[in-house]
Amino acid sequence: MGPEGAGVKIVTALVRPHALDAVRRALERHAVLGMTITEVGTCEPGRVEVHKGARVEVDVVPRLRIETVVDDEIVERLLDQLQSNLEGADGQLWVRHVDLVLRVRTGEMGSDAV
């Protein structure tokens, strides 16, 4: 692999909408200001929740998928901060390697493009 993606990861948080501020605070603490936020739903057949005192079966639970591309150097600290900020919240975090990052406007590649 070349230097184009060396040291770059995508960190994804899949959380309930009310947890957005906790994720944002964790990212900002590590000077990560850019993120992509997508409204999604997770299929959880048979899940029962209480709404206005009534038990309701919910098949699709609303979630936010928050993604950001960061340098390898901060991934572990960022995950620790996210886990701390989201303590007790329902969600998932995962990290994927990035093979190539190219900032179209400037032509920067790899961690320079993050």
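**Salt bridges in a predicted model**

A search of the whole structure finds nine salt bridges. A salt bridge here means a side-chain nitrogen of Lys or Arg within 4 Å of a carboxyl oxygen of Asp or Glu. Side chains of opposite charge can pair when their charged atoms come close.

Some ground rules. This is a predicted model, where local features need pLDDT of at least 70, side-chain atom pairs count only at pLDDT 80 or more, and totals for chains, interfaces and linings use all residues. Residues are numbered from 1 along each chain as its sequence is written, and side-chain values use heavy atoms, with hydrogens and water left out.

Take Glu 49. Its closest O atom and the closest N atom of Arg 47 are 2.9 Å apart. Is Glu 49 buried or exposed? Glu 49 is buried, at 15% relative accessibility. Arg 47 is partly exposed, at 25%. The cut-offs: buried is under 20% relative accessible area, exposed is over 50%, and partly exposed is in between (1.4 Å probe, protein chains only).

Now Asp 90. This side chain meets Arg 47 in a salt bridge of 3.6 Å, N to O. Asp 90 sits in the loop between α2 (72-85) and β4 (91-97), and Arg 47 in strand β2 (residues 36-51), so the pair ties together parts 43 residues apart in sequence. Helices (H or I, at least four residues) and strands (E, at least two) are DSSP runs, numbered from the N terminus. Asp 90 is partly exposed, at 34%.

Last pair. Glu 108 bridges to Arg 103, with the closest N and O atoms 3.4 Å apart. Glu 108 is partly exposed at 32%. Arg 103 is partly exposed at 29%.
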